[in-house]
Structures are given as C-alpha cells and as structure tokens.
Amino acid sequence: MKVTLKIWRQKSPNDKGAFKTYQHEHVSPDMSFLEMLDVLNTELIKKGEEPVHFDHDCREGICGACSLYINGHPHGPLQTTTCQLHMRSFNDGDTIVIEPWRAKAFPIIKDLVVDRTAFDRIQQAGGYISVNTGGAPDANEIPIPKIVADEAFDAATCIGCGACVAACKNASAMLFVSAKVSQFALLPQGKPERKERVKKMVAQMDAEGFGACTNTKACEAECPKGINVTNIARMNREFFSSSLSSYEYQVGGGD
Amino acid sequence: MKLDSKIPAGPIAEKWTKHKFNLKLVNPANKRKYDVIVVGTGLAGASAAASLGELGYNVKVFTFHDSPRRAHSIAAQGGINAAKNYQNDGDSIYRLFYDTVKGGDYRAREANVHRLAEVSVDIIDQCVAQGVPFAREYGGLLSNRSFGGAQVSRTFYARGQTGQQLLLGAYAAMNRQIANGKVKLFTRTEMLDVVVVDGKARGIITRNLITGKIESHSAHAVLLCTGGYSTVFYLSTNAKACNVSAAWRAHKKGALFANPCFTQIHPTCIPVSGDHQSKLTLMSESLRNDGRVWVPKTGIKGLKAKDAVNIPEAERDYFLERRYPSFGNLVPRDVASRNAKYVCDEGRGVGPTGLAVFLDFSDAIKRDGRKTIEAKYGNLFDMYHQITGDNPYEVPMMIFPAVHYTMGGLWVDYNLMTSVPGLYALGEANFSDHGANRLGASALMQGLADGYFVIPYTLGDYLATIGWNDKVGTDHPAFKESMDQVTNNINKLLSIKGNKTVDEFHRQLGLIMWEYCGMSRNEAGLKKAKKMIQELRAEFWRDVKILGGANELNAELEKASRVADLMELGELMIDDARDRNESCGGHFREESATEDGEARRNDDQYAYVAAWEYKGENQPEVLHKEELVFENVKLTQRSYK
Ligand SMILES: Cc1cc2nc3c(=O)[nH]c(=O)nc-3n(C[C@H](O)[C@H](O)[C@H](O)COP(=O)(O)OP(=O)(O)OC[C@H]3O[C@@H](n4cnc5c(N)ncnc54)[C@H](O)[C@@H]3O)c2cc1C
Ligand code: SF4
Ligand code: FES
C-alpha cells in the first residue's frame, strides 16, 4: 500500500507548528498504525530528518499513552486505541491527516506529544479511597452484587487517554472524571467519601481549564473503552446530592 | 565478597513474623526526617511510594512515563494469586508456597517464597478496600480461576485487565499521598545513575525528558522498582519502553545482578506477522483453561485457521493433553512453550510461517455457550480479532511463544536490599521469588507484596540503623561527578552521527538473543552469540545515528541509551547461560536433557543463585554463588505428566 501522510510538526511548546506532507510507499495492511509511523521514522532518520514524536508504550490498547487524532477522529476511524488500529482499515492511495489532541488543558510538547498531567491532578484531587496499607477487612466481608461490581468495573476500565477531551468541541473531561466518580460511587468501599470526592474532582477539572459538557456524546462515540455517558449522569447526580446537607444526602442518596 | 541473604532462622512459617518483630523501628515523629527515592510507578513502585508516604517518610517518585498509570504493570491481564482458599479446594499458604518453589524449579529461596504466600492474602484485602473491582460471583463474593502450574483455583482477576485494576488501585493510593504532600511525583523523568558515597546509595541522577535537564536528587535510601528487561529480545510482550538501564547502572555501581539468563517465554502470544513487527501481543494464559492446544498429526504447509475446522478429530494432535495427561493444557509456561517449539521444529506448525500452533475454543463454546466464553475472555477475543483479522469465536486462534518476563534481576537479600547498602530493588527488577520460572499470576502478587507489605518494614530497619543524620547532600562532589558522566555519555551518543538507526541495532540484538539465548541454548551457540554481540556493540558506538539535541524531547536519544545497556546485559545473560550447564525452568540447555527431550536439572552442581559482579568496562564479570538450601520442600524433577 501507499499512503500520503499529513502530519502536524511542532518543534517545541512555543513553536507555531504546521502540517508537513510525506509520501509513505512501504505500508502493509498487517502493520499497526504505529508500526507504519515507525517505518516512516526510520526512513526520515536515514534521510537526516528528525523523526515524528508521538506517545506510545504498551501497544496493546491498555496503557493509554498513544493519542493520535487521525482524519478528524481521536484514535482514527475505529472505536479503539491508535496502537490497535491497523493499516487494513485504510485503502491504498489514502491521504491520512495526523494531529495531536487539541485542548487548552493538554498543551503540545512536541509534534504529536501533548501534556496530559491535568488528568493526574484531577485524580490526585480525590480519585481514591482513603485506606492505608494494612488493616483492611477480609476481602469477602462485604459481598457486592455481581451486577454492581460489573458496572463499577466497566467504569474503571478508562485508560486515561484523553480521546474524550479531544473528541469534544468543548474539550470537556466529564467522561474521564465521571468514570472514576462512578466506580467509587457504585462500590460500598467508596461510599463514605463520595460527597467530598465528586466536589474535589470537579473543582480540579474546572481549574485545569476543561470545557463544560453540553451532552453531544461525542466522547462516548470515540472512547476506545466504551465508557458510557450514563457515568456523566451519575456524576451529575452525585454532584447535586453532594451540595445537599449530609443528612439529606445520606437519606436521599444518589444510587 | 560474601553474599549474605539474611534469611532469618527458625521454622519457615515463623520466619517473617519473627523477623518483623526483630526489625528496628523508626519512631513515628522521626519518619519525616527521612527522604526516600522510589524509581518506577508500576505495581511495586506505586505501592511502595504510597505505603511509605502513609508512614510519614518524604518520598520522591520518578517515572519516565508521562503518567504513573502508564507503567507496564497496566498491561497484565490474567490475574493475581492469593492463598485465600475461598473455593474450599484445598489451597493454603503452604500449598501456594510449595507450588511456587516447585514451579520455579527449585531455584528460589524458600523463605522469600513463603513470605510471599503469607502476604498474598493481605494483598487481596488491601485491593478490595481500595475499590479494585475484582470479578465476583452472583452471590456477591469474589470469583477465582485456575492458572497454569496449579491445581487449585486461587487466581483473583478483573476480567482480562487485572494489572490495570491493581495498578490503578496503587496509583490512587499514591495519588492520595501526593495530595497529602508526602509523595512528590516526577513524570517524564528518567533515572540515569545511582550515586554511591562511602559504600551507601545516596541518591540518583535524572534527565528531564522534555527539557533534557540533568539533575541530582539525594535521599537516605533508593528503591528501584523499574521492571524487567525482556526487551533485550527486541520482540517481546513487554511495552516498548521497558528496559534495563536503571538496574544496569546500579549494577555498574556495585549491585550484583542475579540469574540474568532466567527468562520466561510465554506460550500464548500472537505469532510474528512481518519485519515491521514492533512488539508481540500476549493472549492471557487464562485462555488455556478453556482453549485446547493442537496441531495436525502430519504437517500441512501454510494451514490457515479457517481451514482448521476441516481437519477431523482423528488427525489432530492435542500434544499437551497427550504428553501431560494430568496437567494437560495447563502445564507451566516453559513446558508449553518448548512443546510448541518441538512440534514446529517437526514441521507441524501452522499458519503462513509454520511458527504457530492452534488454541481452539470450539469445544468450550459448545460446552458452556458463547456467552460464558465471551464474559470470560471477551476483550482478549476482540483484541485478537483486531490484530489478526481472524475471529476466535469461529476459528481457532494461532499462538506462538514469545519472551514475556525476566526472573533474573538485581540480587537482593531477604530485606530486598541489593549488595549496595541503602539501594533496594522491588518487583520484576529484583531476582527474588520466582526461581528459574515464574508461575502465572505471581508477578502481580510479588510486586504488591514487595511494595505494600515487605519494604515498609525492612526499609525502616535500615533507616533506623543509619539514623537521619547519615545523609549526603547533592552538593557532594560524587553527584557532580555522576552528572558529568551522564552528560558525557549523552554527548558521546549524539556525536557519533553514523548511518544505522537505534531500532536497527535493537532488532539485531533481539535476533541474536532469540536464536542463541532463547527457548533452548547450547554452548556453541552461546559462544557464538557472545562474539556477535561484542561486534554489534562496537558497531553501535561507531555507527549509530541519532538526530536532534540533548536539550529537548528526543525519543531516539532515550532509546539509544537504553539499547546500549541492553547490549551489555545481553552479554552477561550469555555468560550466565553458559555457566549454568543444566536445564531448569525457563533455562533449557540442550546438553542437559532426558531422552524424551524433557529438561534435566542438576541439583548437585547448580542449586545456587548466580550473582554477577561488574568489574569495569570490557572486563569479565565475577560470579558469586549463593547456595540454596531446601529444608521444607523436597527437590524432585518437575513432572506434569
Ligand atoms: C502482557 C503482560 C501480561 C502480564 N500478565 C500478568 C498476569 O496476568 N499476572 C501476573 O502476575 N503478571 C503478569 N505479567 C507480569 C507483570 O505484569 C509484571 O512483571 C509486573 O507488572 C512488573 O511490575 P513492576 O512494578 O516491577 O514494573 P513495571 O510495571 O514495569 O514498572 C516499571 C516502572 O519503572 C519506571 N522506570 C523504569 N526505568 C526507569 C528509569 N530509568 N527512570 C525512571 N523510571 C523508570 C517505569 O516508568 C515504570 O513506572 C504480565 C506481563 C506482561 C508483559
Ligand atoms: S473516558 Fe474513554 S476516551 Fe476518555 S480517557 Fe477514559 S478511556 Fe480515554
Ligand atoms: S500504546 Fe498503550 S494504549 Fe496504545
């Protein structure tokens, strides 16, 4: 296969950046998208041109590092991670446009690499259950209905890639934040701190400069892990009940 | 140098309890006077940083990733072992201990493994309390599965994403300490050297991967939780950035490197598809619970998965079930891998390259229904489909062994301290608990055991012994010297301006290691490989081509410095494989086999840990032997027949 690549090149955070076009003649349908870029990079280095920088690591769709905006979609045409996208999803002769995630809260570092530490800071604000090591009760002491555990698990599978933000015209991080809030709101272990947690995480999210949610559901459509927008609804309920008095909250709940 | 493993005296079941009692404690009010550096934020690093922060130490934690959550632990799929005996199927701490020592082919320390089995139960409690959503039964209690090498169901799991859920649990615990100000996080920061002053580890040198800035950090102790080095084979199931540099640079500063040749080859990986291949994808071992491994009785060239259904039962060879009737498809990894190699060597391999065997779910789907299989393995099946284009619900998977895990690593004593005082190694970076072969679902257990339940005790003993005054600041000349060395090394790499890319060298190294130091090894091949690597190294330092500068994000430079270390490690692996003229666990020496091709261990000569001492550039390393003593487990030739 042969493809034409239009890739965003930007030397440093303050550089203006621009698209650059490359003809790629050595593509096989079995290659992963990132392997296709590996081959391009080898050719560039040989020619004396700096290789294209992009984040990646596990190449198994689980670490959340890879983050390319391909032909107008985060992670490209399929609902998967960039590293799990294969060239058989493209046609011979295609032109492929590759950009970094674009969001105020994810500043560009170089080429296709962006800074997603805002996500970590949101998690630091409240994405945990306050238990110290040691002294935990027996794991089977609190039974959790399978259906609840499964729902919590589904929310917990978020890989922190940021595609939801990149997909959203408002660059909202609601899907990402709500996934963690939901996981802990569903589990009995997470309930004692649920009120505090949602407040702190939402406050940090706002402070980082992510946009508001206007329910376009673009995030869900592009999320490689299929995180559901019902999590956003749950977070909104959690947030609402957290602003009620603790008595009402305990009685009214948000389940 | 005399190796002291510091294994406590007394009956095996009491050693750890007694030891904990005998360890010195740091007074709670004094903990804040101690600084601890943790390198790595995988299961081992994140759990250690969180637990030490909770205790009150000042922790600095480093990762070269953009976020702690990207550590390679995230990719672990199948599960984590624990001797909970929730299934009432006869499990116990002693049985987990016994299985792990046996599974490791009697090349691990009994005392370490027993401790691991003891704390395994606490790990599950801890994780559940953190909100890790393990799989559950309809009654609401935790669910278990069985894993290769065990006849009880003791593996806890979270669909096919156990590592992710455990890591996010530890990440969250660490985040809480970051919020509390007890842990300071440095991302995109790579450790490039350990600083040793007066024989003790005093800090590290790092490079900020965005700005290129070289910096010093000092502390009372340094914990390396930097993972394994399977990427010495270039193609492996490990994440691309996994490397040996942190451990290797510590090795060069005096830390002994133990059993470097002990590598695990995992039987269930997606076969190689072409030269462009950048990594191999593991299909969780849990698949062997329900999938049946087979090849045709007589070889059929280029047999495709979609044509497998046409092969009648009578013409299929379920070779694991045939050769190992009691364990069948659940034999340990090394046995399953080697047997796959044998049938491919016989010309009975399948797929376009003939380097693959089938893993077939049709019987399981008939028996349990597609829904059940989907619930267990849905994401793995999807991943396989995505990568290969074949649908495993309809046609068998094709699998082939790939390098997966490195049992070898920095030598540590019972306290997880390396041979350099104040320098510790946790998780896959140390050599400690898996002997010559790691059982499935035991690495996650070990990483979390080390970080949550061992180091908080053993580190305290060291710190209390040296006292908080015993610290060297970054103004000490040793830091400057080390920084200069690191800077020179980087400048040297950039100044070569040769013709070959880093990846080209890495790939070549991988091919040499896989061919001569992979699934089966012999003296002539190893000797040849050693020479080949020496030549490759020389060529690398003459001809590698790295563009870009030192003071910016430069992925090629990062890779080059890691590949340079991997090449040196490769040589040591070969030395180690040559020294060990026996077959044990993942290490198969052709000179030491039974007539029907099974491994033959040699306990009289090789029941030791091989710990290597660095002696300077291009000098042969010196071997130190730690004799292994077995007081509880009877040494037998492993048999899974
Ligand atoms: C695909 C796959 C599946 C697996 N499945 C299972 C399973 O089901 N069950 C099981 O028990 N085990 C499994 N394993 C093994 C297990 O995942 C690993 O052994 C374990 O997670 C290693 O954890 P760790 O904390 O030691 O290291 P890692 O998770 O590899 O973390 C290493 C950390 O060190 C950092 N680091 C390294 N070098 C430096 C440096 N120089 N400077 C700064 N930071 C550095 C990295 O950034 C990272 O944060 C699997 C492994 C693979 C490859
Ligand atoms: S919610 Fe989905 S898209 Fe957003 S970070 Fe998580 S996995 Fe990525
Ligand atoms: S590289 Fe890890 S998810 Fe793509």
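User: What makes His72(B), Ser73(B), Gly78(B), Met191(B) and Glu428(B) stand out around ligand 1?

Analyst: In this predicted model, 38 residues lie around ligand 1, and those five come nearest. A residue joins the group when one of its heavy atoms lies within 4 Å of the ligand.

User: Why is the site of ligand 1 called shared between chains?

Analyst: Residues from chains A and B surround ligand 1, so the site belongs to both.

User: How much of the accessible area of ligand 1 does the protein cover?

Analyst: On its own, ligand 1 has 1000 Å² of accessible area, and the protein covers 98% of that.

User: Which elements of chain B give two or more residues to the shell around ligand 1?

Analyst: They are α2, β7 (189–197), β16 (397–406) and α12. The largest share, three residues, comes from β7(B). By class, the shell holds 16 nonpolar, 18 polar and four charged residues.

User: What is the extent of the contact between chain B and chain A?

Analyst: Chain B gives 76 residues and chain A gives 73. Together the two chains bury about 6200 Å², with 52% of it on carbon and sulfur atoms.

User: Why is the pair Arg159(B) and Asp154(A) called a salt bridge?

Analyst: Their closest N and O atoms are 3.3 Å apart. The limit is 4 Å between a side-chain nitrogen of Lys or Arg and a carboxyl oxygen of Asp or Glu, so the pair passes. The count between chain B and chain A is eight salt bridges. Polar contacts link 46 residue pairs between these chains, both residues being at pLDDT 80 or more.

User: Which helix of chain B gives the most to the side that touches chain A?

Analyst: That is α5(B), with nine residues. On this side of chain B, 31 residues are nonpolar, 27 polar and 18 charged.

Key
Residues are numbered from 1 along each chain as its sequence is written. Chains are lettered from A and ligands numbered from 1 in the order in which they are written. This is a predicted model: local features need pLDDT of at least 70, side-chain atom pairs count only at pLDDT 80 or more; totals for chains, interfaces and linings use all residues. Side-chain values use heavy atoms; hydrogens and water are left out. Contact means heavy atoms within 4.5 Å. Buried area is the accessible area (1.4 Å probe) that two parts lose on being put together, summed over both. A polar contact is a pair of N or O atoms within 3.5 Å; within protein, one must be able to donate a hydrogen and the other to accept it, and residues adjacent in sequence count only if both atoms are side-chain atoms. Helices (H or I, at least four residues) and strands (E, at least two) are DSSP runs, numbered from the N terminus. Ala, Val, Leu, Ile, Met, Phe, Trp, Tyr, Cys and Pro count as nonpolar, Asp, Glu, Lys and Arg as charged, and the others, Gly among them, as polar. Accessible areas come from the Shrake-Rupley method with a 1.4 Å probe; for residues, only the protein chains shown count as cover.
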